[in-house]
Amino acid sequence: MSGVHLVWQAAAVMVGSGVVGLVYKGLDRKLAARMQARVGPPLRQPFLDLGKLLMKETVVPRDAVGWLFSAMPFLAAVASFTALLYLPWGPFPPILRGYGDAVLVLYLLAVPALAMALGGFASGSPLATVGGQREIVMLMSYEFPLAVALVGVVWRLRALEVGPAFSLATISANPLWTAVGPLGVFGLAILLGCLLVVTPAELSKIPFDIPEAETEIAGGLMVEYSGTYLALFYLADAVKTVAMAALVVTLFIPYGIAAPLGVKGVGGQVLDVAFFLVKVFVVMFAAVTTVRVAMARFKVDQVVRGFWLQITAAAVAGLVLLVLDKAVMG
Amino acid sequence: MRLVTGEGYWSPLAWLAAAAGVLLLAGLLWSRGRRDWKRGTEEELPFLSGEAAPEGARVGGQHLYWGFVEGLRPYVERLRAFHSGFVADYVAWFVVVLAMALLVAMV
């Protein structure tokens, strides 16, 4: 692949994912409103919000560590957008396949949370510092089950000897559900469940919006951000939502629809990309929209206990089932 | 340049190149927005719902992991009990753990 082709593809994925992320944000808000018997904002509201933020003053607080406060929105955007380049897009393998694996994507997905926490600490605001502290504690809590879920899939894939197991292209090309026995299917279902619980925590959405918690700490780590910097965080959040849902799809639902329907060529590729985007939306709707409408916010110590004990125990149980499946199936 | 870690791999240079591209796009967005504010006014003060921020109002380092400590208190308390403050105790733990690790490695 030529360098120009690579750059063109990367730019298309970045701009496309930015647009898709904002459209999904609009859908999320609209559907959440409908579930609460409200009309809700128009679908294009996130685009209007982004435009509005660009017209607002971008204040750097007096007590802030200026360069750190200003750099963190850029870091969050960089991490969110670059994570997308390592993920497959339906029938298309990752743009940067061969240059980074699934572990790198996990790290990149953790960086926006760290950037927000650092930005909060750097702002010099007591409310933002509380939010930053909560974000760090949350990060320490959900990363463990997330890593166990990934390791479970990768370990079972490695046992099948289908190629570099940590490669997301390999994971996407080799769905595990039909390659394992009943124990393995049960184990995978548990890991998928754990990942769906981790998803809203990774995205700091209700019931895990503890670091922002508008009603308690007035936006927490975002309280001092405004204007263009807030717009960058807003965009990074939209893109990270797509990246996280795309990771869930890649690990557990990497199936296409064109082949079963007998559609080939460009039409088949378009159909598979559309199906991929639908799957990403379904994951987001199931793990974010419905959950945030149905639940209230947890307390941070409840989140720590839940992730370190119950969810991690469930993820480890899923991993053990996969190991047993390997022992039975060979 | 590609770093291989046994099973995994990544290329820092490829990521840096991608990061530069995103920075360019983010810079374009940033250049479209306003970068001014009313300097030297109340705008610059931290938002505290209209309250005046008391001097030195910060969350101290000892409270950084409050949620973690509170959520897993029995576990943390048990860990704390190990920290007697005597170097000899820490060295003893180190020797025990090292012996166990060597044992596992040999098996």
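Predicted model: local features only at pLDDT ≥ 70, side-chain atom pairs only at ≥ 80, totals over all residues.
From α4(A), the contact draws on A:V105, A:L109, A:P112 and A:M116; from α9(A), it draws on A:F233, A:A236, A:K240, A:A243, A:M244 and A:L247. By class, the contact of α4(A) with α9(A) comprises nine nonpolar, no polar and one charged residues.

A further helix pair in chain A is formed by α5(A), residues 126–159, and α12(A), residues 300–329. The axes of α5(A) and α12(A) lie 9 Å apart, and the two helices pack at an angle of about 5°. That angle makes α5(A) roughly parallel to α12(A). The contact of α5(A) with α12(A) contains 20 nonpolar, four polar and three charged residues.

These pairs belong to a chain built from helices: chain A has twelve helices and zero strands. Read from the N terminus, its elements run α-α-α-α-α-α-α-α-α-α-α-α. What radius of gyration does chain A have, given its 330 residues? The value is 20 Å, which agrees with the figure near 20 Å that a compact globule of 330 residues would have. The C-alpha trace of chain A spans about 65 × 45 × 45 Å along its principal axes.

Two loops of chain A carry backbone features to be noted. Most residues other than glycine have a negative phi, and most peptide bonds are trans. Against that background, A:A37 has a positive phi, near 60°, although this residue is not glycine. A:A37 is located in the loop between α1 and α2 (45–55) of chain A. A:P207 is placed in the loop between α7 (182–202) and α8 (214–217) of chain A.

Chain B has another make-up, with four helices and two strands. Its elements follow the order β-β-α-α-α-α from the N terminus on. How does the radius of gyration of chain B stand against that of a compact globule of 107 residues? Such a globule would have a value near 13 Å, but chain B has 26 Å. Along its principal axes, the C-alpha trace of chain B spans about 65 × 50 × 25 Å. The domain assignment of chain B gives domain 1, residues 1–32, and domain 2, residues 64–107. The C-alpha centres of domain 1 and domain 2 of chain B are 38 Å apart.

The two chains meet where 42 residues of chain B are in contact with 49 residues of chain A. On the side of chain B that touches chain A, the elements giving two or more residues are β2 (8–10), α1 (12–32) and α2 (66–71) of chain B. Which of the elements of chain B gives the largest share of that side? The largest share, twelve residues, comes from α1(B). By class, the residues on the side of chain B that touches chain A divide into 25 nonpolar, eight polar and nine charged.

Methods:
Residues numbered from 1 in each chain as written. Chains lettered and ligands numbered in written order. Contact = placed C-beta atoms within 7 Å. Nonpolar A, V, L, I, M, F, W, Y, C, P; charged D, E, K, R; others polar. Domains from an automatic or database assignment. Rg over C-alpha atoms; globule rule 2.2 N^0.38 Å. Axes fitted to C-alpha atoms, helices over the stretch in contact; angles between N-to-C directions. Parallel < 35°, antiparallel > 145°, perpendicular 65-115°, else oblique.
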